[in-house]
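I opened my notebook next to the model and jotted down what I looked up, entry by entry. Here is how it went.

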Amino acid sequence: MTPGRPPARPASAPEPDPTADQATKDAMSNATTVSPAHSASTASTLITNIASLVTNDPSLGDKSPLGLVQDAAVVIEGDRVVWTGDQSKAPATDNRVDAGGRAVIPGFVDSHSHLVFAGDRTQEFNARMSGRPYSAGGIRTTVAATRAASDEELEANLTRYLREALRQGTTTFETKSGYGLTVEDEARALRIAAAHTDEVTYLGAHIVPPDLAEDPAAYVALVTGEMLDACAPYARWIDVFCEKGAFDGDQARAILTAGKARGLHPRIHANQLSYGPGVQLAVELDAASADHCTHLTDADVDALADGRTVATLLPGAEFSTRAAWPDARRLLDAGVTVALSTDCNPGSSFTSSVPFCVALAVRDMGMTPDEAVWSATAGGAAALRRTDVGRLTPGAYADLTLLDAPSHVHLAYRPGVPLVSGVWRRGERVV
């Protein structure tokens, strides 16, 4: 059983640094090296005395999907990994860091979040935990608060949660608009997000705003017209909440097709609250990711297995809404590529902790610890169609998470414990 299939990269997607793919091809069984031209004058750093190293390269170490190397070391030059392998074979470097017999994994890749917002929905959560079922209507509360907030307030909120996520090992993240729902507010949300990440998603089609509730066709026209024109320069992706009470299959297809025509690649909120057309539409349009995937027919699973759309599971949402858990085991056994992400948002999943989501996936969604860690790193990278993050092999970005534990299994074995004791992002230690 393997944690998903390596996804193919579409012709339209941005290509990663070419040294990354070549270095992977040149990888040897326990150690490999690459010397990027840009690093000739850059100091090198050896991280050694690593009890277990997750590389996500099955040509390394134990030959599993995790490419697990025991008694390992990593060499960083500039913002890239240039060597991984047995610490006894590590090359000489300018600097040295002792990992103290701890585990090292790739930085988490959180491929689904909603971090540009204002306000709080504590009362809604409290009511829901007291027996009221969750519905998408609560989004309107956040829309009102977000529209009323200043740019400075929105950015301060965003950076607060980014720092919070970084302390928990997240080094790459995607985030969306979707709490403005006017041309001006959606564009400013994306502009603010684009200052902090390249993985920005236009989600004007989150819900139909109250002022157009009686004329959803007019809102779809706005989302695919003037709003798209204003938002496309800031985004890489386009998303739609394809669900009862939000947008149906025909509306979702129109929105995503319009985005593709403007160079934005699709992602879809699919099959979260009920069975529906979202997953099938995702595969039809070659969406990078179908997110939630809680209610799936056999045909949905088969479509995902036969396509290259990643199923991104968001267990924080089920935890916070007491909804049915996605069946990760069913997807993995069918050969579907699975990602794990937080869905961090103020309504249905107010957590920035990927380790928490890993523990939930293992406990309640049928995943093994290996599969959950792979899905939260390499799987998240696959959902963003990236090969330069989510792994620790030569040519990849030097995004590493040091755990205060001898193995990555402790992320599920010791849930709720702050195990992240160090984080390197783009070669710089930031935690």
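Predicted model: local features only at pLDDT ≥ 70, side-chain atom pairs only at ≥ 80, totals over all residues.

**Entry 1: the overall count.** The chain has 431 residues, and 59% of them count as buried. I then looked at contacts between residues at least 6 apart in sequence: 72% of these join residues at least 24 apart.

**Entry 2: α13 and α14.** I turned to helix α13, residues 354–364, and helix α14, residues 369–383. Their axes lie 9 Å apart, and the packing angle is about 140°. The crossing of α13 past α14 is right-handed. Which residues of α13 and α14 meet? From α13 I noted Val354, Val358, Ala361 and Val362, and from α14 Pro369, Ala372, Val373 and Ala376. By class, this contact of α13 with α14 has eight nonpolar residues, no polar ones and no charged ones.

**Entry 3: α6 and α8.** Next I took helix α6 (residues 216–224) and helix α8 (residues 249–261), whose axes come within 9 Å and cross at roughly 15°. Angles under 35 degrees count as roughly parallel, so α6 is roughly parallel to α8. I logged a right-handed crossing here for α6 and α8. On the α6 side the contact is made by Pro216, Val220, Val223 and Thr224; on the α8 side, by Gln251, Ala254, Ile255 and Ala258. I sorted the contact of α6 with α8 into six nonpolar, two polar and no charged residues.

**Entry 4: α4 and α5.** How far apart are the axes of α4 and α5? I read 10 Å, with a packing angle of about 45°, and that makes α4 oblique to α5. The crossing of α4 and α5 is right-handed. Asp151, Leu154, Glu155 and Leu158 of α4 make the contact with Arg188, Arg191, Ile192 and Ala193 of α5. The classes in the contact of α4 with α5 are four nonpolar, no polar and four charged.

**Entry 5: salt bridges.** Side chains of opposite charge can pair when their charged atoms come close. My count came to 22 salt bridges. In one of them, the side chains of aspartate 151 and arginine 191 meet at 2.9 Å, N to O. Aspartate 151 belongs to helix α4 (residues 151–167) and arginine 191 to helix α5 (residues 183–194), so this pair ties together parts that are 40 residues apart in sequence. Aspartate 151 is partly exposed at a relative accessible area of 29%, and arginine 191 is partly exposed at 36%.

I then checked lysine 176, which forms a salt bridge with glutamate 174; their closest N and O atoms are 2.7 Å apart. Are lysine 176 and glutamate 174 buried or exposed? I found lysine 176 buried, and glutamate 174 buried as well.

Arginine 330 and aspartate 298 also meet in a salt bridge, at 2.8 Å from N to O. This pair links distant parts of the chain, 32 residues apart, with arginine 330 in helix α12 (residues 328–333) and aspartate 298 in helix α10 (residues 298–306). Arginine 330 is partly exposed, at 29% relative accessible area, whereas aspartate 298 counts as exposed at 55%. I also noted one network, in which salt bridges that share partners join Asp151, Asp185, Arg188 and Arg191.

**Entry 6: the buried side of α10.** I stayed with α10 and found Asp300, Val301, Ala303, Leu304 and Ala305 buried. The buried residues of α10 pack against α9 (278–284), β14 (310–313) and α12.

**Entry 7: glycine 422.** I finished in strand β17 (residues 420–425), where glycine 422 lies. Its relative accessibility is 0%, so glycine 422 counts as buried. What does glycine 422 contact, leaving aside its neighbours within four places in sequence? I listed Leu400, Thr401, Leu402, Arg429 and Val431. I also checked glycine 422 against alanine 99: the two are 323 residues apart in sequence, and 9.4 Å separates them in space, C-alpha to C-alpha.

Definitions and conventions: Residues numbered from 1 in each chain as written. Heavy atoms only, no water. Axes fitted to C-alpha atoms, helices over the stretch in contact; angles between N-to-C directions. Helix = DSSP H or I, 4+ residues; strand = E, 2+ residues; numbered from the N terminus. Left-handed = near helix turned anticlockwise from the far one by under 90°. Contact = heavy atoms within 4.5 Å. Nonpolar A, V, L, I, M, F, W, Y, C, P; charged D, E, K, R; others polar. Buried < 20%, exposed > 50% of the residue type's maximum accessible area, 1.4 Å probe, protein only. Salt bridge = Lys/Arg side-chain N within 4 Å of Asp/Glu carboxyl O. Parallel < 35°, antiparallel > 145°, perpendicular 65-115°, else oblique.
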